[in-house]
Amino acid sequence: MNAENTSSSNESLNFIEEIIEEDLRSGRHSSIQTRFPPEPNGYLHIGHAKSICLNFGLAQKYNGKCNLRYDDTNPTKEEQEYVDSILSDVRWLGFEPDQVLYASDYFQQLYEWAVQLIRAGKAYVDFSTPEEIGVMKGTPTTPGTPSKFRETSPEENLALFERMKNGDFPDGHCVLRAKIDLAAPNMHLRDPYLYRIKHAHHHRTGDKWNIYPMYDWAHGQCDSIERITHSVCTLEFIPHRALYDWFIEKLGIFPSKQYEFARLNLNYTVMSKRKLLQLVQEGYVSGWDDPRMPTISGLRRRGFTPESIREFAKRVGVAKRENIIDVGLLEFCLREDLNKRALRRFAVLRPLKVVITNYPETNEVEWLETENNPEDPETGKRSLPFSRELYIEQDDFMENPPPKYFRLSPGGMVRLKSAYIIKCTECVKDDNGAVVELRCTYVPESRSGQDTSELKVKGVIHWLSAAHAKPAEVRLYERLFQLEDPAAEDDFKKSLNPNSLEVIDTALVESALSETLVGDLFQFTRLGYFCTDTDSNTEKPVFNRSVTLKDAWAKEVKKQ
RNA sequence: UGGCCCAUGGUGUAACGGUAGCACAGCAGAUUUUGGUUCUGUUAGUUAGGGUUCGAAUCCUUGUGGGCCAACCA
């Protein structure tokens, strides 16, 4: 009966899918329930995207459900701003939670379960200081020693815990601990904290609570309440699993099971929320959505598509081995997606004027057709104005070209894409010797589509009619860090790339681009993929370079 | 060095005791009015030793290497 739920193809499964298929096959579960449980203390990043794609993807694949559950058990770190951004990021990625829930929804239930544990003599209130408790926990090689509060009677603990809840004690005055095993090799079992006192305002429960549950006391039970069948988390929670199981067993509640996979690491970036927060707060980037940030909002603003990120998550796979993925793979996924969808447009980042000396008159304009996307003929064609004065890219001209350079040079010929072949007859320089203008002649019979010139030129470059080009600001990004693993340094900020952002405010674009909307995606022919930034205004659009095109010539130059 | 997790080309990931495959990256070529795309070919790998077996990446064992764990964080 689960035949439709399980994959029939011979496509290989990751280890979690194998577990799920076995659970479905054996009848342990008839359907699955997963969850994505972020703490709302920062913006989501590409590592979370992997987890989102995994949890929601699993639910989709096996006709199950996936909740979004905010793990909001620490009011001093959590904010509504983060709650909002998380849901919008999840939706933007293309997933809709079955339910949007909060750990704080369960504070009362959690409290009652703590009372139950105390009654059973399995939890006690400890007035020792954090330092004392730390010492009493022992070390991995030596067992811990019991606190003098460990044998307090359940009745007394009940009263004490009640007072904790009522706010009778100041912050940090005491904690509730589970009574488990002070000699356990797994340190998490040495009487872990269940509750701490915090007279703090919670973004949802307000001032109702003076005590807040710790992660370990909340997570498994929240999973259990939601009847999560497969609670998927990252490797560092492996030692917590014993506790997770212990609480569920002692409480006798729905047995959710925890499974751990290796978190995503990307080279040339940092992924910890703490470090990302630092970059934001100390002004190294413009905000959580700075296009250089590995946050989902940053990637979105940079021009990444949900499809490309989902494809990326699929390609990196799911396993238990620590990994560092090459950002090149992320970029590949974007190019692969955009190549099929992005409309091509002409833009000249660093203009060099070209005057076609044998072109009829200054005011003469010819309209030439060019494809919107050669990969997708259905997108049709558009017309580009051609005239006597043009702009080309400075990079497309060299006075003394190296071998194999087949763009424009003195006496050389090149094709202006979808237009004519031109020949450079003269280069005009300023007082410093810099080339400021090119004089060229065009070959009238070489017009694209009706070329009878018999000329063969290797180079094809993009161009813009000077009179029709519109000004634009273009922002070019490079990786934020110069080191593959910045976090491995004593100060990760030392390897920040000083050239990670280059603003070109004198770029020119074809007029079709002046009506662009924020988020529009384009390929600027021969330059890369760009998207319209939120800073755009009606005077001047702003474009972010999402990713360059692969550049075989740049590679060739590097070799020389 | 107490416990736990992990180890396959440069990077990821498959192979479930029976031909080490796929993707990205790299290299070479073809096509191309984007030095893009597409296509073709190709380089490169089982952490080490021992054991079980007709047969081991896979099972056992001992090393080695990496990671995690002793927050009133999650």
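Predicted model: local features only at pLDDT ≥ 70, side-chain atom pairs only at ≥ 80, totals over all residues.
How many Å separate the centres of domain 1 and domain 3, taken over C-alpha atoms? The answer is 65 Å.

**The domains**

Begin by colouring chain A according to its domain assignment. Domain 1 covers residues 26-261. Domain 2 is assigned two segments, 273-343 and 472-559, while domain 3 covers 347-462.

**Helix 3**

Next, select residues 80-92, which form helix 3. This helix has 13 residues, and the distance from its first C-alpha to its last is 18 Å, close to the expected 18 Å. Show the side chains of Tyr82, Val83, Ser85, Ile86, Leu87, Asp89 and Val90; these residues of helix 3 are buried. Then move to Gly94, which follows helix 3 and has a positive phi, near 105°.

**Asp89**

Return to helix 3 and centre the view on Asp89, which lies within that helix. Is Asp89 buried or exposed? Its relative accessibility is 1%, and Asp89 therefore counts as buried. Leaving aside residues up to four places away in sequence, Asp89 touches Leu44, Ile296, Ser297 and Arg300. For a view across the model, select Glu510 as well: Asp89 and Glu510 stand 421 residues apart in sequence, and their C-alpha atoms are 32 Å apart in space.

**Helix 2 and helix 11**

Now display helix 2 together with helix 11 (residues 306-316). Their axes come within 9 Å and cross at roughly 80°, so helix 2 is roughly perpendicular to helix 11. On the side of helix 2, select Ile46, Ala49, Lys50 and Cys53; on the side of helix 11, select Ile309, Arg310, Phe312, Ala313 and Val316. Together these residues make the contact. By class, the contact of helix 2 with helix 11 has 7 nonpolar residues, 2 charged residues and no polar ones.

**Helix 4 and helix 8**

Helix 4 contributes Trp113, Gln116 and Leu117 to the contact, and helix 8 contributes Trp246, Phe247, Lys250 and Leu251. The residues of the contact of helix 4 with helix 8 comprise 5 nonpolar, 1 polar and 1 charged.

Technical notes
Residues numbered from 1 in each chain as written. Chains lettered and ligands numbered in written order. Heavy atoms only, no water. Domains from an automatic or database assignment. Contact = heavy atoms within 4.5 Å. Helix = DSSP H or I, 4+ residues; strand = E, 2+ residues; numbered from the N terminus. Nonpolar A, V, L, I, M, F, W, Y, C, P; charged D, E, K, R; others polar. Expected span 1.5 Å × (residues − 1). Buried < 20%, exposed > 50% of the residue type's maximum accessible area, 1.4 Å probe, protein only. Axes fitted to C-alpha atoms, helices over the stretch in contact; angles between N-to-C directions. Parallel < 35°, antiparallel > 145°, perpendicular 65-115°, else oblique.
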